[in-house]
Amino acid sequence: MSHTAHIPSHRKPRRSASKMALRAGVAGGVLSTLAVAAAAGTANAAEPVTETIEMPTLTADLSTQIAQSAEVTQQTADSYELRAEQDAAAVKAAKQAKEDQAKAEAKAKAKAEAAAKKKAEEERASRSAERTTLSAAGGSSASSADVAAPASGSVGSVVSFLKAQLGDAYVMGASGPNAWDCSSLVQAAFKQAGVDLPRVSQDQSVSGTPVSLDSVQVGDILYWGGAGSAYHVGVYIGNGQYLDAANPGKGVVIQDLSGYPADGAVRVL
């Protein structure tokens with residue numbers, strides 16, 4: 001054995017002729033295939049591509065459907081228009097009804113006011129007649145309880161009630177039916193005529209229209225003390241007399257103004 005036999009060789013082994021021939025054949029085949037493909041691509045590129053798309057035909061059924069859809073759309077539009085007209089008419093009718101109601105209410109109010117005015121005038125005339133009758137029929141004695149008074153009418157009902165209480169007791173704070181103080185008696189009397197007076201004499205002295213003692217009339221409230229601070233009240237019944245719940249010693253009596261002049265008067269009726 002050579003002394004260099006154990007050293008490996010760095011030379012590449014020779015390839016066999018058969019392997020080289022096989023590789024050459026494969027390479028040639030690939031190149032041939034690429035050439036053919038390229039040629040085919042060039043030929044195809046040279047020819048224009050055409051494609052026919054068949055559009056749908058408008059049939060009778062489709063035409064009918066389209067017509068029906070258009071008709072439904074038109075009907076819907078007509079319905080909306082009709083609804084709008086109906087709404088506008090309803091709004092107009094409501095406005096007119098409101099105006100008519102306002103006119104009717106104004107007319108009724110004017111009629112009621114005219115009736116109330118007429119009634120007030122009739123009542124004033126009636127009161128004037130009652131006062132004239134009471135003044136003419138009244139006696140001159142302070143102890144007289146026979147002063148005539150109408151059985152009906154606002155002033156007459158006040159005077160009639162007061163006379164019905166003659167002889168009742170005077171009790172401070174009492175409000176009837178058999179005992180009174182001055183202001184409770186006056187309050188109860190005017191209630192018969194539908195007038196709600198305050199409970200105490202101070203308030204009653206400013207509850208009506210102030211009148212002078214020279215022009216006092218039947219049914220006027222007389223008070224003693226200052227207006228708003230009165231300590232006693234009574235009711236004028238004509239001929240210089242008044243009726244009141246005087247004090248615990250006298251009770252409910254008729255008295256002469258000349259013996260106990262009042263300080264002021266107010267007219268409620």
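This is a predicted model: local features need pLDDT of at least 70, side-chain atom pairs count only at pLDDT 80 or more; totals for chains, interfaces and linings use all residues.

What follows is a short tour of the sheet, the helices around it, the salt bridges and the aromatic pairs.

What does strand 3 pair with? Its partner is strand 8 (residues 264-267), and the two run antiparallel with three bridges between them. One detail you can look up in the model: Pro 210 has Val 266 in strand 8 as its bridge partner. As for what holds such strands together in general, strands of a sheet pair through backbone hydrogen bonds.

Is helix 3 mostly buried or exposed? Nine of its eleven residues are buried, so the rest of the structure largely encloses it. Among the buried ones are Val 155, Val 158, Val 159, Phe 161 and Leu 162, and Lys 163 is on the list too.

## A proline out in a loop

Now for a residue on the outside. Pro 248 sits in the loop between strand 6 and strand 7. With a relative accessible area of 67%, Pro 248 counts as exposed. Pro 248 and Met 172 are 76 residues apart along the chain, yet their C-alpha atoms are separated by 8.3 Å.

## Salt bridges

How many salt bridges does the structure hold? There are three. The general idea is simple: side chains of opposite charge can pair when their charged atoms come close.

Let's begin with Arg 83 and Asp 87, whose closest N and O atoms are 3.5 Å apart. Arg 83 is exposed at 52% relative accessible area, while Asp 87 is partly exposed at 40%.

Next come Arg 199 and Asp 181, which meet at 3.2 Å, N to O. This pair links distant parts of the chain, 18 residues apart: Arg 199 is in the loop between helix 4 and helix 5 (201-204), and Asp 181 is in the loop between strand 2 (179-180) and helix 4. Arg 199 is partly exposed, with 27% relative accessibility, but Asp 181 is buried at 5%.

That leaves Arg 267 and Asp 220, with 2.9 Å from N to O. Arg 267 is in strand 8 and Asp 220 in the loop between strand 3 and strand 4, so to speak a link across 47 residues of chain. Arg 267 is partly exposed at 22%. Why does Asp 220 count as buried? Its relative accessible area is 0%, and the cut-off for buried is under 20%.

## Aromatic pairs

The whole structure has three aromatic pairs. One of them brings together Phe 161 and Trp 180 in an edge-to-face arrangement, with ring centres 6.0 Å apart and 85° between the planes. Phe 161 comes from helix 3 and Trp 180 from strand 2, 19 residues apart. Both residues are buried.

Trp 224 and Tyr 242 make another pair: the ring centres are 5.1 Å apart and the planes are at 50°, so this pair is tilted. Trp 224 lies in strand 4 and Tyr 242 in strand 6, with 18 residues from one to the other. Both Trp 224 and Tyr 242 are buried. Tyr 260 joins in here as well, as ring pairs link Trp 224, Tyr 242 and Tyr 260 into a cluster.

Conventions: Residues are numbered from 1 along each chain as its sequence is written. Side-chain values use heavy atoms; hydrogens and water are left out. Two strands pair if DSSP finds at least two bridges between them. Helices (H or I, at least four residues) and strands (E, at least two) are DSSP runs, numbered from the N terminus. Buried means under 20% relative accessible area, exposed over 50%, partly exposed in between (1.4 Å probe, protein chains only). A salt bridge is a side-chain nitrogen of Lys or Arg within 4 Å of a carboxyl oxygen of Asp or Glu. Rings of Phe, Tyr and Trp (its six-membered ring) pair if their centres lie within 6.5 Å; planes under 30 degrees apart count as stacked, over 60 as edge-to-face and the rest as tilted.
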